[in-house]
Amino acid sequence: MADSSAGKEACNGLPSHAELKNALISAVASESSGLDFDMWGTIVNRDGVVCAVAFSGANRGAQWPGSRVISAQKANTANAFSLNGLALSTGNLYSAAQGTSGANAETMLGGSLYGLQFSNPVNPDVAYGGHPKHYGQANDPMVGKRPGGVNVFGGGLGLYKNGQIIGAVGVSGDTSCADHNIAWRVRNNLQLDQMQGVGGVSGDPDRPDNIILDQYNGNKDGVTAGFEQPGCLNDASGDPRALPAVQH
């Protein structure tokens, strides 16, 4: 259902530009946490090929211009590090990708995936090619191409149909926590949260790849060695534990 002839066959069964845009607009309207900004969204297939890019605002300048490529990075990351049996959101990767920290760095080891964010660089020709007037449109220059990139804060989620991963969605334009919540609602709106038999690290089987925030799991120091991340602005109005359950 992709809107580029180059990516049509590769994107069969994934949302079109219009479907992504409608799901994104609805998700932004439903979420009140963070800065309440408009957003960019990107869909990739299982090979990391971009199938659709959209924005929720009135025009491409109504949301952070830099978030277009970040949304593609997040989609690529969630797809690249999720499997049929285990879903990892980009928010789950935050702590594991951190380096040494604290006054005594020699004894404060970094996360087990330190350096992950540097492992798959963005292809700048894909990310920034074409005329900006097409950014976020059905003919966005990234469609049908693989931009790559890794991002380790909230906003990227695997897309699942009948328990099988078929790609991912990335959302960017607000705080990490709001990005995650909006991406979650986008996936739910698209009905691509069919996660039968899919596990995660959140501890919640109804939300296996949910973001884990310090203030909700009892860790108050902001430095974690697992899959948590620190909280964000206006978290109280967007508790991720209240997000819709995935389909089982």
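**Exercises on a predicted model**

Leaving aside neighbours within four places in sequence, threonine 77 is in contact (heavy atoms within 4.5 Å) with Thr90, Leu93, Gly149, Val150 and Asn151. Residues are numbered from 1 along each chain as its sequence is written, and side-chain values use heavy atoms, with hydrogens and water left out.

**Exercise 1.** Determine whether threonine 77 counts as buried or exposed.

*Solution.* Begin with the cut-offs: buried means under 20% relative accessible area, exposed over 50%, and partly exposed in between, with a 1.4 Å probe and protein chains only. Threonine 77 counts as buried because its relative accessibility is 0%.

**Exercise 2.** Find which backbone oxygen lies 2.7 Å from a polar atom of the side chain of threonine 77.

*Solution.* Start from helix H2 (residues 67–80), where threonine 77 is found; helices are DSSP runs of H or I with at least four residues, numbered from the N terminus. The backbone oxygen in question belongs to glutamine 73.

**Exercise 3.** State the mean pLDDT of the protein, and then examine residues 1–6.

*Solution.* The mean pLDDT is 88, and 87% of the residues reach 70 or more. Over residues 1–6, however, the pLDDT is below 50, although this stretch has 16 contacts in the model beyond near neighbours in sequence. Where pLDDT is low, the predicted coordinates should not be read in detail.

Definitions and conventions. This is a predicted model: local features need pLDDT of at least 70, side-chain atom pairs count only at pLDDT 80 or more; totals for chains, interfaces and linings use all residues. Helices (H or I, at least four residues) and strands (E, at least two) are DSSP runs, numbered from the N terminus. A polar contact is a pair of N or O atoms within 3.5 Å; within protein, one must be able to donate a hydrogen and the other to accept it, and residues adjacent in sequence count only if both atoms are side-chain atoms. pLDDT is the predictor's confidence in each residue, from 0 to 100.
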